[in-house]
Amino acid sequence: MNKVYEIENESVENYIVTFNDENGIIKASCTCPAGQHCTLCKHVIKYMLEDNEIAESLKEYGLMKVYNEYIETNEKADKLKEEAKKIKKKFARLLLGNYRDKKN
Ligand SMILES: [Zn+2]
């Protein structure tokens, strides 16, 4: 499997996204600023999810499992952040609300 995608970019040079799984190793790359720093960018994610052949390869190599683990953990983190916000509001209401009541 060897895939090359080119993403048109109006402001700078087009980004090139590549995937290949030769010699028992699967590799992806992207020439965008994030990709050049080996950060998982939206371009790599876009094609790994849109291209079934890439998705299948990732499954074969056991990498899709790790990606899904990342997604699940990220969702849990979002829920925990929401929960923390609610608790902070409750705490503020109790502390600051009580303070105002005493003062008045
Ligand atoms: Zn990219």
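**Close-up 1. The buried side of helix H2 in a predicted model.** His43, Val44, Tyr47 and Met48 are the buried residues of H2. Look down the helix axis and these buried residues fall within an arc of 125°, so they line one face of H2. Remember while browsing that this is a predicted model. What sits over the buried residues of H2? The cover includes strand S1 (2–7), strand S2 (15–20), strand S3 (27–30), helix H1 (33–36) and H3.

**Close-up 2. Where helix H2 meets helix H3.** Here we zoom in on H2, which spans residues 42–50, and H3, which spans residues 52–60. How do two packed helices get described? By the angle between their axes and the distance between the axes. For H2 and H3 the angle is about 95° and the axes are 5 Å apart. That angle makes H2 roughly perpendicular to H3. On the H2 side of the contact you'll find Tyr47, Met48 and Leu49, and they meet Ile54, Ala55 and Leu58 from H3. Sort the contact of H2 with H3 by class and you get six nonpolar residues, with no polar and no charged ones.

**Close-up 3. Two sides of helix H3.** Which residues of H3 are buried? They are Ile54, Ser57 and Leu58. Around the axis they cover an arc of only 100°, which puts them on the same side of H3. The face of H3 turned away from that buried side has its own set: Asn52, Glu53, Lys59 and Glu60, which are exposed. Follow the chain just past H3 and you come to Gly62, with a positive phi of about 80°.

**Close-up 4. The largest nonpolar core.** As a bit of background, nonpolar side chains tend to be buried together in soluble globular proteins. In this model the largest nonpolar core has eleven residues: Val17, Phe19, Ala28, Cys30, Cys32, Cys41, Val44, Tyr47, Met48, Ile54 and Leu58. Strands S2 and S3 and helices H2 and H3 each supply at least two residues of this core. Which element gives the largest share? That would be H2, with three residues.

**Close-up 5. Met1 and its contacts.** Met1 lies in the segment before S1. Is Met1 buried, exposed or partly exposed? It has 13 other C-beta atoms within 10 Å, so Met1 is partly exposed. Not counting residues up to four places away in sequence, Met1 touches Phe19, Asn20, Asp21, Glu53 and Ser57. Now find Tyr61: Met1 and Tyr61 are 60 residues apart in sequence, and their C-alpha atoms are 13 Å apart in space.

**Close-up 6. Ile26 in the loop between S2 and S3.** The loop between S2 and S3 is where Ile26 lies. Ile26 is partly exposed, with 17 other C-beta atoms within 10 Å. Which residues does Ile26 touch, once those up to four places away in sequence are set aside? They are Asp21, Ser57, Leu58, Tyr61 and Leu63. Ile26 and Glu60 are 34 residues apart along the chain, and 9.8 Å separates their C-alpha atoms.

**Close-up 7. Two loop residues with positive phi.** Asn23 isn't a glycine, yet it has a positive phi of about 60°. You'll find Asn23 in the loop between S2 and S3. With 7 other C-beta atoms within 10 Å, Asn23 is exposed. Cys38 is another non-glycine residue with a positive phi, near 55°. Its place is in the loop between H1 and H2. Cys38 has 9 other C-beta atoms within 10 Å, so it is exposed.

**Close-up 8. Thr31 in the loop between S3 and H1.** Here is Thr31, placed in the loop between S3 and H1. It counts as partly exposed, with 18 C-beta neighbours inside 10 Å. Setting aside residues up to four places away in sequence, Thr31 touches Tyr15, Ile16 and Gln36. Thr31 and Lys65 are 34 residues apart in sequence, with 25 Å between them in space, C-alpha to C-alpha.

Conventions. Residues numbered from 1 in each chain as written. Predicted model: local features only at pLDDT ≥ 70, side-chain atom pairs only at ≥ 80, totals over all residues. Axes fitted to C-alpha atoms, helices over the stretch in contact; angles between N-to-C directions. Helix = DSSP H or I, 4+ residues; strand = E, 2+ residues; numbered from the N terminus. Parallel < 35°, antiparallel > 145°, perpendicular 65-115°, else oblique. Contact = placed C-beta atoms within 7 Å. Nonpolar A, V, L, I, M, F, W, Y, C, P; charged D, E, K, R; others polar. Buried ≥ 20, exposed ≤ 12 C-beta atoms within 10 Å, placed from the backbone. Arc of directions from axis to C-beta. Core = buried A, V, L, I, M, F, W, Y, C linked by C-beta atoms within 7 Å.
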